[in-house]
Amino acid sequence: MSNVMKLMKQAAAMQKEMEQVQSQLAARTYDFTSGGGMVTATARGDGTLVRIKIDPKVIDPKDAAMLEDLVLAAAEGALREARETMNSEMAKITSGLRIPGMPGLGM
């Protein structure tokens, strides 16, 4: 029975730590540029886009498709960076968890 209590305490501590890390990462921002810095997207660690900045030099009414591609690339890059950081930080927290029968987590 003490193993179950130990596991429950470990899970509660891990949950609290995960909430703290998620909160900290949600406040961080991640910038990603495309088009040689002509378009910059900024995302938060919680996966929300905060800002899109476009250099006026890249705005060409005759080539909207290029601008759309640059915006999309910058947004995807910023969101990917935020997501990868969140996943990496969560993996650090859960790496020590031992759950019998769970691949990679078992004893």
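Me: Which residue does E89 form a salt bridge with, and how far apart are the closest N and O atoms?
Reply: E89 pairs with K92, and their closest N and O atoms are 3.1 Å apart. A salt bridge here is a side-chain nitrogen of Lys or Arg within 4 Å of a carboxyl oxygen of Asp or Glu.

Me: What kind of model is this?
Reply: It's a predicted model: local features need pLDDT of at least 70, side-chain atom pairs count only at pLDDT 80 or more, and totals for chains, interfaces and linings use all residues. Residues are numbered from 1 along each chain as its sequence is written, and side-chain values use heavy atoms, with hydrogens and water left out.

Me: How many salt bridges does the structure hold?
Reply: The count is 1.

Me: Where do E89 and K92 sit?
Reply: In helix α2 (residues 64-94), 3 residues apart, so about one helical turn separates them. Helices (H or I, at least four residues) and strands (E, at least two) are DSSP runs, numbered from the N terminus.

Me: Is K92 buried or exposed?
Reply: K92 is exposed, at 54% relative accessible area, while E89 is partly exposed at 23%. The cut-offs: buried is under 20%, exposed is over 50%, and partly exposed is in between (1.4 Å probe, protein chains only).

Me: Switching topic: what about the largest nonpolar core, which residues are in it?
Reply: It has 9 residues: V39, A41, A43, V58, L67, L70, A74, A75 and A78. Two or more of them come from each of β2 (39-44) and α2, and α2 gives the most, with 5 residues. By nonpolar core I mean a set of buried Ala, Val, Leu, Ile, Met, Phe, Trp, Tyr and Cys residues joined through side-chain atoms within 4.5 Å.

Me: And which residues does the second core include?
Reply: That one is separate and has 8 residues, among them M14, V21, A82 and M86.

Me: Back to L70, what does it touch?
Reply: Skipping residues up to four places away in sequence, L70 touches S34, G35, V39 and V58. Contact means heavy atoms within 4.5 Å.

Me: So where's S34?
Reply: S34 lies in strand β1 (residues 29-34), and counts as buried at 8% relative accessibility. Beyond its neighbours within four places in sequence, S34 contacts V39, L70, A73 and A74.

Me: What pattern does the whole chain follow?
Reply: Along the sequence the pattern is α-β-β-β-α, from 2 helices and 3 strands. Of its 107 residues, 23% count as buried.
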